[in-house]
Structure formats: structure tokens, C-alpha cells
Amino acid sequence: MSDTSVYPVKPAALENTLVNNDQYLEMYQQSIINPEGFWREHGQRIEWFKPFSKVRKVSFDDHFVSINWFYDGTTNASYNCLDRHLEDKGDQLAIIWEPDDEGEARKVTYRELHEQVCRFANALKSQGVRKGDVVAIYMPMVIEATVAMLACSRIGAIHSVVFGGFSPEALAGRIIDSKAKVVVTADEGVRGGRKVSLKDNVDEALTHPDTHTIEKVIVYKHTGADIAWHRHRDVWWQELTALTSPHCEAREMNAEDPLFILYTSGSTGKPKGVMHTTGGYLVYASMTHQYVFDYKPGEVFWCNADVGWITGHSYVTYGPLLNGATIVMHEGLPNYPETNRISKIIDKHNVNILYIAPTAIRALMAEGDAAVQDTHRNSLRLLGSVGEPINPEAWNWYYSTIGEERCPIVDTWWQTETGAAMLTPLPGATDLKPGSATRPFFGVQPALVDNMGRLVHGPGEGNLVILDSWPGQARTVYGDHERFVQTYFSSFKGMYTTGDGARRDNDGYYWITGRVDDVINVSGHRMGTAEIESAMVAHHQVAEAAVVGFPHNIKGQGIYVYVTLNSGTDTSEELKTSLKDWVRKEIGPIATPDIIQWAPGLPKTRSGKIMRRILRKIAADEYENLGDTSTLADPDVVNQLIANKAVAS
Ligand code: PRX
């Protein structure tokens, strides 16, 4: 990575910009010197039912972690996303939905979306959902996924969106952990011409005895597929909403009432239910959406993330709708039916801002100019990248081929736990360097620390931490505050630990170097290696498994699994295939291993700890620099693994 190629702010990006560089520096300073004053002012960007007088009460002390913002104010998320816009934007499009198969788009205005949300909110109430109940949403990328989220927040229910690509097993785990009362799903989803049996998956998940908290399954009829029906439990979305009133008062919520839970993987154990609350999240999601994308009224904004991930929460649903934007939602794949699909959608709906993950960029880049064939993309003004480090080659391709060197790229670094963008360029303020997420957003105090927790000053490298709270920060892990404290506040005292490593250059720009824990990032999706390992060892022929990431041209990182079989089990290519299928079934297609290597033994310390550092090097074909292997219980294991790998490849 080079610090030398710099792309200065474009004159066009300076026109009507919210902030130029001087303004950025001034505002940033204010946000750090006087956070109370800064957030008291910017907290006004949403409408409060009862105004807040208290701005923040925060402790990062690991004996008592507590994060509160605007905490004596009351408001409602759905009200802010919808009702607030009815007077001047009622007839403006809120969502343009583009189907998988290039068929006709569905469009809803703010008024129509408001009505649909009210109807569905009443439908939820009719099924017994009350304030504080958890509703699991397991939906395809259809308008109704957003409707369901906003209907929950309208009545004070907590949504827990589960990515539609997760398996029944993974869905069951999330239902059990959150004690959800209702599941909202669809008969099927469609992706790249293939049907995804969502309702069947729900049925299977609910055969798990511990999912008994679920009282109702609400099914949106999407493809019209034949599905099994449980008369006492299942209800059709369309039948319910036809009966319910289009009026539903938005419930007054305290700023610190939970808004949603979103499960995400960590380095150990099962996925955690990261919890976000109402007021601070709304302020931060809307503010970042407006400033990072320099969003201007009337523009069409397209973030192609699934609502099952945090990016879909903050930049499909909440951020843009809070700002009264028109968004595009696409059910299908970025390269289906042809490689130029993204570009065609841009032209079809005059998209001004495109926000996608590097993995999609690399997949398109691999096809060369086919990604832009027969399209002009004249409407595009700005490009965004999120979810994983973007390699300069992909950055340059995105910049020159998709954006025709006209559009700045905002490379935004953030996490499920941070709620919204944290390190990011601002189009009118920040000179760009390909591969760098550049500088902090307002109110964000990033720092680098060494492994002892000592601050790194000036240019250097270290663990990326955040020194103080910001309004969009997650408040806890649902039902397990101790885990929240342990995971994020115990490694380095008094700081939020991100789990990422980073480098800071001479200009103070940050370059994310990747995770420093046992989390891997596959196609922009965060996977815990422990999760895949535990799925692996649940297979009756597997004795032990160790999972590491390895460099992958398209996915960023691929999944590499070392497997030790039970004694007496023969190795075979068929067994590899069936182990891959097994993980697919246990977690979902995104967790499918790319490479399985048989391992007669794993490199362990004398105390039994697997030395992943060595496994990572072998997976990446870096045999020379294995580091110190003298502490291994059996150093010869390493030579065996290298020999095996050479034979295998
Ligand atoms: O490692 C970082 C990487 O994705 C992780 C967060 O994953 P998740 O919670 O699923 O949220 C993804 C969408 C915000 C981070 O710890 N990551 C995210 N954005 C970037 C990134 N790495 C480098 N550059 C980015 N822009």
C-alpha cells in the first residue's frame, strides 16, 4: 500500500458541499473539545417528542460500562423515518424496489410506506406483540423487510433481523437467544434466479424445542410457492394487513429504549446479539448518511447491502429514510442476469450515490468492462465502499470504470457495534488515498495502542481503539452485559476495542490492516472461526478442526479448514465435499469452506492452544517465516502439514 497516490477533493464535490476541509477540521475540533455542546446541537436533527436535556452519561470503566445518550428525551424511530416527511415529501418516492429478474420495479412514496408500516404495526399488535417484545425478521430484500423493521419500531418492539442466507440452525440459535415472540418471513426469496425457501427454513428452525417462545409466524406471499402451513401458528401478511387500520400512533420511546438487536460473530463462542437503542442511533445514522454521502434532497441513494447486516440497517433503512431520501432496494445479485446489472440499475433509476462492498467490486472487476457494457452511469455522483479493506487495485477500477474518474469514493470503516460510519472521507473535505478509510467522523476519537495498551503517537501501527463514546455506539450484548464488557472494554482499559489493527500515516490517515482476533472477513461478512470450527466438529467423522482465513482474490479472505478425522476414518474427496455441505447446512452458504486440508495433527502449544499464526502462514503459502515453533508440543506437525499441502496442491 502506498501513501503517495492522492486524489484531491474534486471541484464538483465542493459545489454545495455540506463541509469543505476547513469546515471539517473546525467541526471535528468542536466535537472533541466540547462533545456536550456539539451533540446538544446535532441531537436536534431528529424530532423529539419530549426534548432531551441530558446529552451523555458514559463510563468505559470495565467495572461499570454504561453508555447513555440524550437519555431523558423521548422519540420514535418510525415517526422520524416517515411521519415527519409526510407534509413536504408525502408524494416523493421512498423506495424503488428492483426485482431479481429485471422485471418491473415497485415504487412506494413516503405516504404509501407510512400507510404500509401503520397497517403492519397494527398487524403485529393483533398478534400479541407489545413494547419490548423481540420480533425476528427473516426476509428477502423486499420492501416489506423495511416495513417490518419500521412497524416494530413504531410500536416499541425490538427487531432482530436474521440474514435470509442463514440456515435454519443459525436462525433457531438467534431465536432462542433473543426469546423472540414472532417471526416475520416470506414464502420464498429469489436470488440470481434461484429460490430460497425461507418459510421451509423457518419451519425447520421451529422444530427445535427451545424455540417455543415463538407464538406466530407471519408470512409475506412473495413468489406464491406452495408451502407447508401450520394453521394455529402461521398467518399471511397480506390477509392481516388487509384487515388492519392504516392509522397507528407512533409509541413514545425513551432515547435509551432498545431499537434492535443484530447478531454478529466474535472471536469466541456463539454470535452476540449486539443491541442498539433509539435516540443516539437515529442521530448518528442520519448524520453520517447526510455528511458521508453529502446527501442532497431529491437524490437517489443505493446501498446494495442486505437488511440482514448492519449496513442494511443504517444505510438502507434508517439513515436514508431519516433524511427523507429516495432509496433503491435490489432483491437479486449484483451480476445477475449479466455482469452489467448494477450499472443497468444505476441508469434505470438514475442513481446518484452507490454504496457497495469491495467483494462485489472485485467480482465485477474480474469481468473487465462487461460490468459497464451498454450503460452510461451519467447520474452517478459519488461511490462508497464498506465492509472490508479495499485493495488499491479494486479502488482504482471502481474509480475509473464505474465512476469514470468523476466520482469520489468514500471508503467507510465501521462495525455492527459502532452503528454507523466511524472513519471515512467526506466528499467535499477529504483528499482520497486508495485503500485508506482516511479520518474520523465527528465525535469519533480513534487511537492506536500497542499490545500493552500504550498509545502510539504520530505515524505508526497498532490496535485500533476508540477513546470515547459516540451516539451510535452499541449499548450492550442482549442478555449478557458481562460479555459486552469482556469483549470490548477489558483488553485496553477505558477504551473501546475494535478488534481491528490499523496504521496511521504522516497525514494522520488510517489504514485498516485487518482483524487482530480470530474473526475473518469473507466477502465483507464477518465470520467467527470458532463458529465454523464448532459446526465442523459437530460432524460425526471429525475429531478436531481449526479454521483460518487466507487471501482470496474476490472474497478478500477465504475459509481454510484444517481437519483431523476420527481414527479409522478414511480421507476422500467425497468426504471433503460432504463436510463443506455440512457447514453450509449448519450455518449457511456464506460459511462454506473454500479449502479443506486433512491434518493428522494440529500445531499446539504444550498447554494445548492451537497456534493459528502458523496455520495462517501455511494457508497463505508463506512457509519461510513461520516464527518460533519451539514452544510446540510436537514441532514435527508443522512439517507434516506443509508436506500435505504440497501434495494436495
Ligand atoms: O474488520 C473491519 C471490517 O469489517 C469489520 C466489521 O464487520 P461488521 O460488523 O460485519 O460490519 C461490516 C459493515 C460495517 C470491521 O471490524 N471493515 C468494515 N469496513 C471496513 C473494514 N475493513 C477495512 N475497511 C473498511 N472500510
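Predicted model: local features only at pLDDT ≥ 70, side-chain atom pairs only at ≥ 80, totals over all residues.

**Reading the model**

Reader: Which strand is joined to β6 by four bridges, and how do the two run?

Author: Strands and helices are DSSP runs numbered from the N terminus, a strand (E) having at least two residues and a helix (H or I) at least four. Two strands pair if DSSP finds at least two bridges between them. Here β6 (residues 134–138) is joined by four bridges to β7 (residues 158–161), and the two run parallel. Within β7, I158 is the bridge partner of V134. Helix α7 (residues 168–178) packs on the sheet and touches β6, β7, β14 (258–264) and β15 (272–277). The direction of α7 makes about 165° with that of β6. Contact means that the C-beta atoms of two residues, placed from the backbone, lie within 7 Å. Axes are lines fitted to C-alpha atoms, for helices over the stretch in contact, and angles between N-to-C directions run from 0 to 180 degrees.

Reader: What is the order of strands in the open sheet?

Author: Eight strands form the sheet, in the order β12-β11-β8-β6-β7-β14-β15-β24, with mixed pairing. β12 (234–236) and β24 (476–477) stand at the edges with a single partner strand each, so one side of each has no neighbour in the sheet.

Reader: Which residues come nearest to the ligand?

Author: A residue is near a molecule if its C-beta atom, placed from the backbone, lies within 6 Å of it. There are 21 residues around the ligand, and W413, Q415, T416, I512 and R526 come nearest. At least two residues of the shell are supplied by each of α11 (310–322), β20 (409–412), β25 (496–504) and β26 (510–515). The largest share, three residues, comes from β25. Sorted by class, the shell has seven nonpolar, nine polar and five charged residues. In this scheme Ala, Val, Leu, Ile, Met, Phe, Trp, Tyr, Cys and Pro are nonpolar, Asp, Glu, Lys and Arg are charged, and the others, Gly among them, are polar.

Reader: Which residues does UniProt list for "binding site"?

Author: The unreviewed entry lists G387, E388, P389, D411, T412, W413, W414, Q415, T416, D500, R515 and R526. UniProt positions follow the numbering used here, feature names are shortened, and annotations may be inferred rather than shown by experiment.

Reader: Are D411 and D500 buried or exposed?

Author: A residue is buried if 20 or more other C-beta atoms lie within 10 Å of its own, exposed if 12 or fewer, and partly exposed in between, with C-beta atoms placed from the backbone. D411, in strand β20, is buried, because 26 other C-beta atoms lie within 10 Å. Leaving aside neighbours within four places in sequence, D411 is in contact with S385, I390, P425, S436 and A437. D500, in strand β25, is buried as well, with 21 other C-beta atoms within 10 Å. Not counting residues up to four places away in sequence, D500 touches L464, I512, G514, R515 and V516.

Reader: Where do the axes of α4 and α6 stand relative to each other?

Author: The axes of α4 (residues 77–89) and α6 (residues 143–155) come within 7 Å and cross at roughly 115°. A77, S78, C81 and L82 of α4 meet L150, S153 and R154 of α6. The residues of this contact divide into four nonpolar, two polar and one charged.

Reader: Which backbone angles deserve a note?

Author: D374 has a positive phi of about 60° although it is not a glycine. D374 lies in the loop between α13 (358–365) and β19 (382–386), and D374 is exposed, because 10 other C-beta atoms lie within 10 Å. E404, also not a glycine, has a positive phi near 45°. E404 lies in the loop between α14 (392–402) and β20, and E404 counts as partly exposed, with 13 C-beta neighbours inside 10 Å. A cis peptide bond joins Y336 and P337, with omega about -5°.

Notes:
Residues numbered from 1 in each chain as written.
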